[in-house]
Amino acid sequence: MSSSTQAPLGTQSITLKHDDHVIIDGLDVTFPAGKVTAIVGPNGCGKSTLLNGLSRVHLPSSGHILLNGKDIHSMPAKQVAKKLALLPQETSAPDGITVRELIRFGRHPHQSLFKQWGMDDRTAIEFALQAANLESLGDRLLDTLSGGQRQRAWIAMSIAQETPLLLLDEPTSALDLGHQIEVFDLIRELAAAGKTIIMVVHDLAMAARYADHLIAMKGGEIVAQGSPKQVITPEILESLYGVHCDLLADPHTGAPILVNVRRAHDSGASKAAAPSDKKQAELAL
Amino acid sequence: MSLSHSSSAQLTPPSGYWLLRSKHMSLLLDRQAIRRNILLSVALLLIGILSLGVGTLSLSPKEVVLALIGQGDSMTQFVVNELRLNRLLAGIYTGAAFSIAGCLMQTVARNRLATPGIIGIDNAAMAFAVASVVGVGIGLAPSAMALTGAASATALAFIIGGGSGTRGYRFIVAGLAIGSVSAAVSQLLLSQVHIDTANEAYPWTVGSLSARPEEQIPWMGWITLVGMVVSIFLCQRFQLMAFSDSVMTALGRTPNRLRFSAVAISVVLTGFAVALAGPVGLVALVGPEMARTFAKHRGLPLVSSALCGAIVMVLADFAGRTLLSPIEIPVGVVTAVVGGPYLLWILIRKPKRSTL
Amino acid sequence: MHFATSFWQRAPSQRPLVVCFCLVSVLTIGCALLSLLIGAGAVDITESWSTLWGQGNEEAHFVIMELRLPRTLVGLVVGIALGISGALMQAVARNPLAEPGLLGVSAGASFAVAAALILGASAATLAMGVAQLGALAGCFFVMIAARLQGQFKDPVRLVLAGAALTSLLTALTSILLMYDQRAADEIRFWVTGSVAGRHLSNLVTVLPYFAIAAAITLYVSKPLASMALGEKVALGLGHNPRTIRYLVMLAVALFAGSATAIAGPIMFVGLVVPFAARALVGPDIRRTMIMCLPIGPLMIIGADILTRMIAQPAEMPLGVLTAMVGAPVLMLIVRAKRLPTLA
C-alpha cells in the first residue's frame, strides 16, 4: 500500500446529473493521500452523488476523474477495482452467505477464470478478518450479525480488495452510537496503515472527531475545506445548514463540538448574539 | 492493535472446496455442487431410461439399455433409437436450455419470478413462430422467427422497464404486458387461418415434444451445450449480480455489460427452445428453484439448474404421455398444471427478506 | 375557450363531474351511432341512417336491428360492467393494476365455460351461471391468495398471482378441450373475446345479475370511499371493511362473469377504463365509477368499430384489440416515476 504525497484521487471540472437535473457542475477537488477525508453538508448537497461519481457508479456527463493522474474511465474496470474500493450506503448481500464468503467477493478483481485461489487471496482474507476484528465470526451467516458487525464485515470485504483508496458512503448511517464508534475506529486504523479514505458522513461531530480533512459542500459546490478546525466555524455552519451555534473544544481530542444549535432566522436576538458567539467560539478553539 | 499479514506456508482452499492447482492455474471446485450434480445426472439417466421404455410397446429398463448400446432385437432398437430417443433428447435439451435461461434471468432481475415465461419472452417467440407457420410475413424458418421474437420482446421489456435490474418489478410488469399482447397476436393469427391449420398448430402453441423436426434436435443440443459452457465460464462474475450495482462496479464489473451478456444468453436459449418445444416457460421457474433448494441457496447453481430443468421436462413429458393415455397431454400443459400452483405458492408464502 | 383552458388546467379532482360526464357521454353516443351505421352487411351509411328513422328495405332493417343493434347494446353493457368491476377491484385492492382479466377472472370463466361445453352445453345456450361461478372462484382465489400474506398492496405480486392462476386455468382448459373436438372448435372463437353475433336474449339473461351487481355497487360506494382513507378510518366511520370487501368481490364476479359469458374474455378493459376515469376526474372512487359509465362503452364500442374496419372484410377479434390498447396503458402505469397506490 503506497502512500505518495501526490493526491491519488481528484476530479477535473466534473458535472454530474440526475436525469436532467444538474447536481454538481464543473467541480474540481482533490483528496489528500493517506488521510481520512470526510465530505459533509446538508441533505441534497451532492455529497453522495460526488462519491458515486468518484467510484464510477454515477457517470459524469462531462469532466474527468483522475486516479493517480489517469482518467478513471479510460482504465479497465478491473484495474480500477484493484486501486479503489467502495462501500455503498445500501448494501444487500446474497442470501445465506457467511462472513468469510462475503469477504472472498472482495478478491474478485484479483481473480480470473483460471486463477481462482492463491496464497495472496488467502492472506488477504485472513488479514481482512483480523483487521476488522471478525476472526471469531468468519463462519457466521451475515444475516445473523448485529448491525455494527455486519458493517465491519462489509468493510472487511473492501479491505480484502487490497486497494490504497477506500470510499465509504455514510458507513454509520443506520448504526447506534456504540456501533458507530466501532466502525470509525476501524477506519482510523486503516488510515494508520496507509490507506487513503474518503467518506460521506452525516454527523458533523463524528466527522470532526475522526477525519483529518473535511470538505463541506452545499448546492453541489465546495463551501470550505481543510482541517476540522478550519471548516467547522459558526460562519460556515450557518451557510451550510442555516443554523447558529456555539463551539467548544473536545477536552480529549481538541475536535470542535457544537452546542446550543438554533435556527439562524429564529429571532433578532439570536442574530444579535452571533458576533459574541463567534468570539466565544474562537476562544474555545 | 497491530495489523500484519499473517501467512501460513500451507495454501488451504476455502472450506467446502477442492483446490485444483498447477503452475499457471488454480481452480476452486465446490464439493457440494459436484456431488449434487453427479446425483442429479444419475437421476436424469434413470428417468430417461424409464421414459424410453414407456409407450405402445412397453420395454423393461434392461431392454432399453441393450437397445441403446446397439444390442437386442432390431424391433426394440428401432423403437428406442429411432422413435423415442429423439423425443427424450429434445426434452433434455430444451428443459436444460429453458432452465439455464430462467436462472440467468432471475439473477439479472434479482427476482425469482422474472423467468422468460413470465416476462413474455416465450409468448413473443411463439407469436413470431406462429406467424412463420401460418405464413404471415417474411419466410423465415420458425426458429429464426422465434429468436427474433424473443430478442425483440426482451429488448422492449428492458427499454420499458427502465433498463435497470434493480427495479425488477417494472421489468416484470412490462414483460407481462408484452406477453399478453403476444398471446393475443398468436390467437389472432390462429383465428384467421383455416380451422385445420389452426388445429395442427394448437398443440404446438401450448408446448409439446411430439412431432419435432428431427434435424433440429442435434442443433438444439449444441446450442444448449454452448450456452451452458459459456455461462459456467461467466458464472463467477454473474454471481456478483446478487449485489447492488454499486458493489458490482466497485468490484470491477460494469453492471450493464454483465446484465447484457446474461440476458443475451438467456434470450438465445429461450428462443431456440421455444422454436423446438413451444412455450414451456414454467420449466424456467421450477428448474432453477429446485436447484436452489438442493444447493441450499448458495451461489448460482447453473449446472444444477440445467439438470433439474431437463429432469422436469422429461418427467412432464412422461406424465403427459401416460396419465390420460391414449390421449397425450402436451408437455406445456403438464408443466403449467404443476408450475402454476407452484408459482402461486411462492407468491403466497411468507416473503423472505430478499427475493432471490 | 377561456372556460375550456381553465377546465383542463384544473387538477382532475377539481373538475366538475357533470361536465366531464356529459362530454364523454356525447362521444359514447356518437360511437354507438357510428357502430349502428357501419360494419358488415351490404348496407352503407346513408341507407343505415334512413333505416334508423323507420325507412329502408327489409334487408337493411334486418342488418341494423338484428346484427348491429344487439352488438352495440352488448358492447354498452359489457363496457359498463368491465369498467365498473375494474374500478371496484382496484379500490378494494388499493392497487391500480388489479383488473379482472389480469387477475384470472376471465380465465376462471373460460375454464368454467369449457367445462360446460364439455358437459353438453353449446356456446349459444350457455348458462350464464357457469361463467359467473368460474369468475367468482377465480376472483376469490387470487384475492384470498394475495390477502393471506398481506400482499394486497404489492401491485406486481397480485398481478403475478393472477398470471399464475391464468396459466394454470388455461392449461386445465386445454386438457378439457383435448377430450372434445367440437367444444374446442366452439371455444376457439370464444376465447379471443367478441361482441359480434351475440343475441339480445343473451343480454336479457344476464340483466338480473347486472341489476344485483349494480345494487351492491350503489350500496358499497360510500363505504369504499371511506376505506380509501384506510381500513381503520372506515371502521371508525362505522363500516365493516371485511363485509364490504366480500360484497365488492361478489359484485366484481357478477359483473365480470356475466360480461365474460356474453363476450368472452376481454382483457385490459377493467384496467384502462378506470385509469382514464381517474385521469379525468381524480381518484375519488365515486367520481371514478360515474365516469366509468360512459368510458367503458366508449372503449368497447370504439374498439369494436375498429375491429370491423382494420381487417376488412374479415374482423379482428375484439379481445386482441383491447389487449393491444391495454398493454401500453399497463406499461404507462408502471412507467410512472412512483407506482401510484390508491391509498
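**A walk through chains A, B and C**

Over residues 9-244 of chain A, the chain is 36% helix and 26% strand, with its end C-alpha atoms 34 Å apart; helices (H or I, at least four residues) and strands (E, at least two) are DSSP runs, numbered from the N terminus. UniProt, in an unreviewed entry, lists residues 9-244 of chain A as "domain: ABC transporter". Such annotations may be inferred rather than shown by experiment.

This is a predicted model, in which local features need pLDDT of at least 70 and side-chain atom pairs count only at pLDDT 80 or more, while totals for chains, interfaces and linings use all residues. Residues are numbered from 1 along each chain as its sequence is written, and chains are lettered from A and ligands numbered from 1 in the order in which they are written.

In chain B, Ser266 is placed in helix α10 (residues 255-277). B:Ser266 counts as buried because it has 29 C-beta neighbours inside 10 Å; the cut-off for buried is 20 or more other C-beta atoms within 10 Å, with C-beta atoms placed from the backbone. Leaving out residues up to four places away in sequence, B:Ser266 touches B:Ala101, B:Leu104, B:Met105 and B:Pro116, contact being C-beta atoms within 7 Å. Between the C-alpha atoms of B:Ser266 and B:Ala151, 115 residues apart along the chain, the separation is 9.6 Å.

In chain C, helix α4 (residues 58-93) packs against helix α12 (residues 269-281) at an angle of about 75°, their axes 7 Å apart. α4(C) and α12(C) are therefore roughly perpendicular, a term for angles of 65 to 115 degrees.

How values were computed: Axes fitted to C-alpha atoms, helices over the stretch in contact; angles between N-to-C directions. Parallel < 35°, antiparallel > 145°, perpendicular 65-115°, else oblique. Buried ≥ 20, exposed ≤ 12 C-beta atoms within 10 Å, placed from the backbone. Contact = placed C-beta atoms within 7 Å.
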